Amino acid sequence: ARIPLADRSADEVRLRGTLNLPLSADERRAVVAEAKRVVKPGGRVFVHVLVGEGPVENPELPGPAGAVRS
């Protein structure tokens, strides 16, 4: 989806759990490209994800991590 901001208009973009969605490689690239499009020169893109040593599907984690699907 398109972030509803003009090019180079945001001081920061926060991707919180976005990359823990079951996205294809092309969809992940599109998410990052969209974040880069709206962030100002010198701005920041924060990525907050849960990582592991191998791929998982629907890990059934407790608390807020329970939203993780991939």
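**A first walk through the model**

Guide: Let us start with Val47, which is partly exposed, its relative accessible area being 47%; please keep in mind throughout that this is a predicted model.

Visitor: Okay, and where does Val47 lie?
Guide: Val47 belongs to strand E2, the stretch that covers residues 39-48.

Visitor: What is Val47 in contact with, leaving aside its neighbours within four places in sequence?
Guide: With those neighbours set aside, Val47 is in contact with Leu15 and Leu19. As for Leu61, a separation of 14 residues in sequence goes with 20 Å in space between the C-alpha atoms of Val47 and Leu61.

Visitor: Switching to charges: how many salt bridges are there in the whole structure?
Guide: A search of the whole structure gives six salt bridges.

Visitor: Which side chain does Asp11 meet in a salt bridge?
Guide: Asp11 meets the side chain of Lys40, with 3.2 Å from N to O. This pair links distant parts of the chain, since Asp11 sits in strand E1 (residues 10-16) and Lys40 in strand E2, 29 residues apart.

Visitor: Are those two buried or exposed?
Guide: Asp11 counts as exposed because its relative accessibility is 54%, which is over the 50% mark for that class. Lys40, with a relative accessible area of 33%, is partly exposed, because that class runs between 20% and 50%.

Visitor: And what about Glu12, which residue does it form a salt bridge with?
Guide: One partner is Arg14, where the closest N and O atoms are 2.5 Å apart. Glu12 counts as partly exposed at 28% relative accessibility, whereas Arg14 counts as exposed at 56%. Arg44 also forms a salt bridge with Glu12, and there the closest N and O atoms are 3.7 Å apart.

Visitor: Let me follow up on Glu34: is it buried or exposed, and why?
Guide: Glu34 counts as buried because its relative accessibility is 12%, and buried means under 20%. This residue lies in helix H1, and, not counting residues up to four places away in sequence, Glu34 touches Ala1, Arg2 and Ile3.

Visitor: New topic, then: what makes up the largest nonpolar core?
Guide: The largest nonpolar core has six residues in all, namely Ala10, Val13, Leu15, Ala35, Val38 and Val39. Two or more residues of this core come from each of E1 and helix H1 (25-38), and the largest share, three residues, comes from E1.

Visitor: What does Ala10 touch, not counting residues up to four places away in sequence?
Guide: Ala10 touches Leu5, Val38, Val39 and Lys40 on that count. Of these, Val38 and Val39 are also members of the core, while Lys40 is the salt-bridge partner of Asp11.

Visitor: Now the loop between E1 and H1: which residue has its place there?
Guide: Leu21 has its place in that loop, and it counts as partly exposed at 39% relative accessibility. The C-alpha atoms of Leu21 and Ser70 are separated by 5.6 Å, although these residues are 49 residues apart along the chain. Leaving aside neighbours within four places in sequence, Leu21 is in contact with Arg28 and Ser70.

Visitor: What volume does the largest pocket have, and what lines it?
Guide: The largest pocket has a volume of about 230 Å³. Its lining includes Leu21, along with Arg16, Asn20, His48 and Pro64, and by class the lining residues divide into seven nonpolar, three polar and one charged.

Visitor: And the second largest pocket, what is its volume?
Guide: The second largest pocket has a volume of about 200 Å³. Among the residues that line it are Asn20, Leu50, Glu57, Leu61 and Ser70, and its lining has seven nonpolar, four polar and one charged residues.

Key. Residues are numbered from 1 along each chain as its sequence is written. This is a predicted model: local features need pLDDT of at least 70, side-chain atom pairs count only at pLDDT 80 or more; totals for chains, interfaces and linings use all residues. Side-chain values use heavy atoms; hydrogens and water are left out. Helices (H or I, at least four residues) and strands (E, at least two) are DSSP runs, numbered from the N terminus. Buried means under 20% relative accessible area, exposed over 50%, partly exposed in between (1.4 Å probe, protein chains only). Contact means heavy atoms within 4.5 Å. A salt bridge is a side-chain nitrogen of Lys or Arg within 4 Å of a carboxyl oxygen of Asp or Glu. A nonpolar core is a set of buried Ala, Val, Leu, Ile, Met, Phe, Trp, Tyr and Cys residues joined through side-chain atoms within 4.5 Å. On a 1 Å grid over the protein atoms alone, a cavity is a set of points where a 1.4 Å probe fits but cannot get out, and a pocket is an open set with protein on both sides within 12 Å along at least five of seven lines; lining residues have an atom within 4 Å of a point. Grid points are joined across faces, edges and corners, and a volume is the space filled by probe spheres set on the points. Ala, Val, Leu, Ile, Met, Phe, Trp, Tyr, Cys and Pro count as nonpolar, Asp, Glu, Lys and Arg as charged, and the others, Gly among them, as polar.
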